[in-house]
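Work through these exercises with the model open. Try each task before reading its solution.

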Amino acid sequence: MEGYYPPLVPSHLWMLKDKIRENKKRIGKMDTPFLLRNIVHCKTCLVELKPKDTSPSGYKGRYLNYSCSICKGRIDAYELHEDVIYNLKENLSPLLIKAESLTQKRLKKYRNSLRIEQEEIRQKQERNLYNERQFPNLIQRCGSKYYSTRKKRLKKSLLKSILL
Ligand SMILES: [Zn+2]
């Protein structure tokens, strides 16, 4: 189908990226070490995992977990963050590279079609100029106002296609 391009990045990856950004915005400076707060869920109980700092006093931030309030399962926060970041990188980079080359191809195609359009406009302008010189009386008879409007329109569309 022309004009339809399937999404290049799976939506769940964008959603995760957006959620992390959203969290940053909401919490302000990302001074919380829990990047995945409000994002990760227990796969058994399907409830949100709660961030918890279980470090002994005086060692704040040393043992961070996400834990499930129902099954009491927990996962080390640093380990999970590393996994998620690794996954994002692994999945997104090749997709972004692919997206870039696809975009370049589309732009090239578009540029070529613009070039063809420019050439057509130039040819029309040349034909106009020729007619003006060869048949000045004919143009007057056809209505010079109509003629000059046409000329202006050609000039405008040429300018537009060059600017694009
Ligand atoms: Zn659970």
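A residue is buried if 20 or more other C-beta atoms lie within 10 Å of its own, exposed if 12 or fewer, and partly exposed in between. Keep in mind that this is a predicted model.

**Exercise 1. Classify leucine 154: buried, partly exposed or exposed?**

Solution. 
- Step 1: locate the residue. Leucine 154 sits in helix α3, residues 136-163.
- Step 2: count. There are 16 other C-beta atoms within 10 Å of leucine 154.
- Step 3: list its partners. Beyond four places in sequence, leucine 154 touches Ile121, Lys124 and Gln125.

**Exercise 2. Describe helix α2 by its span, kink and cover.**

Solution. 
- Step 1: span. Helix α2 covers residues 77-134, 58 residues in total. From first C-alpha to last it reaches 82 Å, close to the expected 86 Å.
- Step 2: kink. The axis of α2 bends by about 25° at leucine 92, shortly before proline 94.
- Step 3: cover. Two of the 58 residues of α2 are buried, so the helix is hardly covered.
- Step 4: compare with the chain. Of its 164 residues, 6% count as buried.

**Exercise 3. Which residues form the largest nonpolar core?**

Solution. 
- Step 1: name them. The core has eight residues: Phe34, Val40, Cys42, Leu49, Leu64, Tyr66, Cys68 and Ala77.
- Step 2: follow one member. Cysteine 42 is in contact with Val47, Leu49, Cys68, Ile70, Cys71 and Gly73, leaving aside neighbours within four places in sequence.
- Step 3: In soluble globular proteins, nonpolar side chains tend to be buried together.

**Exercise 4. Where do leucine 46 and lysine 72 lie, and what is the phi of each?**

Solution. 
- Step 1: Leucine 46 is in the loop between α1 and β1. Lysine 72 is in the loop between β2 and β3.
- Step 2: read phi. Leucine 46 has a phi near 65°. Lysine 72 has a phi of about 65°.
- Step 3: Most residues other than glycine have a negative phi.
- Step 4: check exposure. Leucine 46 counts as exposed because it has 9 C-beta neighbours inside 10 Å. Lysine 72 is exposed with 9 such neighbours.

Terms used. Residues are numbered from 1 along each chain as its sequence is written. This is a predicted model: local features need pLDDT of at least 70, side-chain atom pairs count only at pLDDT 80 or more; totals for chains, interfaces and linings use all residues. Helices (H or I, at least four residues) and strands (E, at least two) are DSSP runs, numbered from the N terminus. Two residues are in contact if their C-beta atoms, placed from the backbone, lie within 7 Å. A nonpolar core is a set of buried Ala, Val, Leu, Ile, Met, Phe, Trp, Tyr and Cys residues joined through C-beta atoms within 7 Å. The expected span of a helix is 1.5 Å times one less than its number of residues. The bend at a residue is the angle between axes fitted to the seven residues ending there and the seven starting there.
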